[in-house]
Structure formats: C-alpha cells, structure tokens
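I opened the file to look up strand pairing, helix packing and pockets. My entries follow the display.

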Amino acid sequence: MYIPKEIFFTKGVGKNKDYLSSFEAALRNAGIEKCNLVAVSSIFPPNCRKISKEEGIKKITPGQIIFTVMARNSTNEPNRLIAASIGAALPADKSNYGYISEYHPFGVNEKIAGEHAEDLAAQMLATTLGIEFNSESDWIEREEVFNMSDKIVKTFNITQTAEGDKKGLWTTVIAAAVLLF
C-alpha cells in the first residue's frame, strides 16, 4: 500500500507571456518544478507527519513522481485578483484521516480564500466524524462547533494571491500539499 508518511505545503506565483511558462514559474517559486506531479484527491493520510517546506524540498529529487493536492488559478487580465488556496482539517485521533481542500477563486483576497478553504476541509471532516452543524452559518460559528466537538484538532491553510500583470502577461498562482512516502 502506498500511504504517505509525510506531507508539506507550499505555494508560488509566476508570470510569463505564455500560460504554460507562467505555471512553470509558479512551480519554481514553490520549489516543486523539478518533479512530475500527479494530482490526487483530498485525504490527509492517517498518522501522516506535517513537515516544513524546506525539509520537504530536501527530500525530493529531479524527475521524481510526487503526489499533490493542488489549487491553481491563472489570468492574463490586468489587475484581476486571483487566489489558490489549500485548506486542511485534522482529526484529534491521528489514526483517522483528515481532509485537504482546494479553492481557486477570482476577486477574493488571501484571508477570505484561506478561511473558505479551511471551512471546506473542516466541513468534509465534520460530516465524516458525525459532527452536526448548520451549513448556512458562517465559518466562525462552524469553527466554534467543530472545536467544541473535540473531534477536530486543527485546521489551517496555505494561500497564494496575485493581481494580473498590468501589461497582460499570464499570472499563475498555486498552492499545494505534497505527499511523501
């Protein structure tokens, strides 16, 4: 079985006249450009240890296939605000799995994008753990319910925002959770 033992989170932004090259620049800014990326869905593995970006990057080698949960957004519209955010929600019992969410909006600042990504992950985990909550209430109210349940121990996010280049270059933002074996 391939169950990741470690995970790190990274983000980046890139600009270029070509769409693909702006994505490459964002990967380079995030430190994961040298790998072949495989997109996976949004499970934070049981007993998986969160490590720093710096520690994680030291563990990858050029050409390595790595599994990522990635949020990505691009624009070539001058001044358009873009965001890419990864949210995570971890259960109190580390032998259970958690959730990772991706959110990639337009016109949303870093704080709002990050909170929304955290909220998405927390809602997915809460429904798995049987925590009852009002989905119509705001994030702060739901966060309080989740914390009081003692079943969700932590939520967090990593978010990258940028404004579209004033001269119309492609601007790309990414946020990623990188899973290591």
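In which sense do strand β1 and β4 pair, and over how many bridges? I find β1 (residues 6-16) and β4 in the parallel sense, with two bridges. My basis for the model is that it is predicted: local features need pLDDT of at least 70, side-chain atom pairs count only at pLDDT 80 or more, and totals for chains, interfaces and linings use all residues. Residues are numbered from 1 along each chain as its sequence is written, and side-chain values use heavy atoms, with hydrogens and water left out.

**Elements.** I count four helices and nine strands in the chain. Helices (H or I, at least four residues) and strands (E, at least two) are DSSP runs, numbered from the N terminus. From that end I read the order β-α-β-β-β-α-β-β-β-α-α-β-β.

**Pairing of β1.** Two strands count as paired if DSSP finds at least two bridges between them. Glu6 stands opposite Arg49 in β4. I also looked at β9 (residues 170-180), which runs antiparallel to β1 and is joined to it by eleven bridges. Lys15 has Thr171 in β9 as its bridge partner.

**Open sheet.** I find an open sheet of four strands in the order β3-β7-β6-β8, with antiparallel pairing. Its edge strands, each pairing on one side only, are β3 (43-44) and β8. Between β6 and β8, which run antiparallel, I note eleven bridges. Gly87 stands opposite Asn157 in β8.

**Helix on the sheet.** Helix α3 (residues 110-129) lies across β6, β7 (98-103) and β8, and its angle to β7 is about 145°. Contact here means heavy atoms within 4.5 Å. Axes are lines fitted to C-alpha atoms, for helices over the stretch in contact, and angles run from 0 to 180 degrees between N-to-C directions.

I looked up the largest pocket and noted about 230 Å³ of space. Of its 16 lining residues, Phe44, Cys48, Leu90, Pro91 and Lys94 are the closest to its centre. β4 (49-50), β6 (81-91) and β8 (152-163) are the elements that give two or more residues to the lining. A pocket is an open set of points on a 1 Å grid over the protein atoms alone, where a 1.4 Å probe fits, with protein on both sides within 12 Å along at least five of seven lines; lining residues have an atom within 4 Å of a point. Points are joined across faces, edges and corners, and the volume is the space filled by probe spheres set on them.

**Extent.** I noted a box of roughly 50 × 40 × 20 Å for the C-alpha atoms, along the principal axes.
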